[in-house]
Amino acid sequence: MKKVILFIPKWKFPIYILLSAFLTGLTAIALIPTIRYLDTESSRVSDFIELVGSFGSAPLVLIFSVIFTLYVLLFFRYERKRYREYLITKMVKEIKHIAEGHFDQKVTVEDEQRIGEIGNNINNIILQAEQAIADQKRSAQIKNDLVTNVAHDLRSPLTSIVGYLNLINGDQYKDEVELRHYIQIVYNKAESLHHLINDLFEYTFVQNREALMNEVPINIEEMLNQMIVQYQYQVQNAGMEMRLFQSSPINPVVMGDGNKLARVFENLIQNAIRYGKDGKYIDIKLTETEEMAEIEIANYGQVIPSADIPHIFERFYRVEKSRSEYTGGSGLGLAIVKSIVELHNGQIEVKSSSGKTAFIVKLWKNGTNEI
């Protein structure tokens, strides 16, 4: 009501009051002959008029006040209709402006309940459209970054391979020792390309939420022990030691794809070896409840800067920005880890401070819950 009153031009108020008074007078002029006729023709009406007249002029004032108020309300209803038409016209113009591509514009929401509800719904649609546009731009940027990063990671080893093969083909080596050295470099670069291409295929595959999974019961404790044995030589060669800590076992079995989960722990252990050489240990800790198993893989090497932690699982993101082959892998390892864990409805997080970096994987034992 307040919005409608504010909408009415001030000069209309005295006009509506005068019109209401005038129409009330006309109504009185029209009613008086009717009342006199009924007074003479009906004894009951005559008795009623006599009874009302005993109260003086108060009943007449009340009756004509009610009639006056009804006329005022009639004018108010007319102005309320005009106000709604104004809101609808204004909303149509705003929607047309938005439809022309001005998504920064919002529909003005007034107090009118139904119109306000429509405005809110349209604004929600605009917000969703803005989010879709932002997601599309982000996807395009990710695609561009993917192409740039893949091109960089493919070009560097290929350049080396072509260069050394040209040296070999042109017999530009001093002796067989140097020839073998060149061949070994070519082989290492080819291995690097092979791993990168495999990681690209695997990342693309696990990004598909419908990726086939062979879900079977997996004893996490046994899998971790196998990982320790599998990487024993590599860990010792890095001058490190791997330790397994486990609370009293309840039933360390989860439902999942054994090959994919093995890839998760392989990537995390390789990551700990690569970045934890300054520390002596790689600690693997297994804790569990009736519902879930939690695996922590920690190293005591270089700490991940807090600014990098939110991006650590993004594809091709590296804390070491030079993209050196000596300090980083393909840049897809942790992205693959996160995708596989999410395929199992699990969760992974990283904590890095006070000389310790820990990756924590949480998996549900029945394989269907969501964290």
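Helices (H or I, at least four residues) and strands (E, at least two) are DSSP runs, numbered from the N terminus. The structure described with these elements is a predicted model, in which local features need pLDDT of at least 70 and side-chain atom pairs count only at pLDDT 80 or more, while totals for chains, interfaces and linings use all residues. Residues are numbered from 1 along each chain as its sequence is written, and side-chain values use heavy atoms, with hydrogens and water left out.

Five strands make up an open sheet with mixed pairing, and their order across it is E2-E4-E5-E7-E6; two strands are said to pair if DSSP finds at least two bridges between them. At the edges stand strand E2 (241-246) and strand E6 (347-353), each of which pairs on one side only. Neighbouring strands of this sheet are turned against each other by 15° on average, direction ignored, where axes are lines fitted to C-alpha atoms, for helices over the stretch in contact, and angles run from 0 to 180 degrees between N-to-C directions.

Helix H9 (residues 258-275) lies across E2, E4, E5, E6 and strand E7 (356-364), and runs at about 20° to E5, contact here meaning heavy atoms within 4.5 Å. Helix H10 (residues 333-343) lies across E6 and E7, running at about 140° to E6.

Two loop residues deserve attention for their backbone. Most residues other than glycine have a negative phi. Asn 345, in the loop between H10 and E6, has a positive phi of about 60° although it is not a glycine, and counts as partly exposed because its relative accessibility is 22%. Ser 354, in the loop between E6 and E7, likewise has a positive phi, of about 55°, without being a glycine; its relative accessibility is 79%, and Ser 354 therefore counts as exposed.

Other features lie earlier in the chain. Leu 62, Val 66, Leu 70 and Leu 73 make a nonpolar surface patch of about 390 Å². Patches are made of residues with over 30% relative accessible area and no salt bridge, like charges being joined within 9 Å and nonpolar side chains (Val, Leu, Ile, Met, Phe, Trp, Tyr) within 5 Å; a salt bridge is a side-chain nitrogen of Lys or Arg within 4 Å of a carboxyl oxygen of Asp or Glu. Accessible areas come from the Shrake-Rupley method with a 1.4 Å probe, and for residues only the protein chains shown count as cover. Leu 70 has its place in helix H4 (residues 58-99) and counts as exposed because its relative accessibility is 53%.

Definitions and conventions. Buried < 20%, exposed > 50% of the residue type's maximum accessible area, 1.4 Å probe, protein only.
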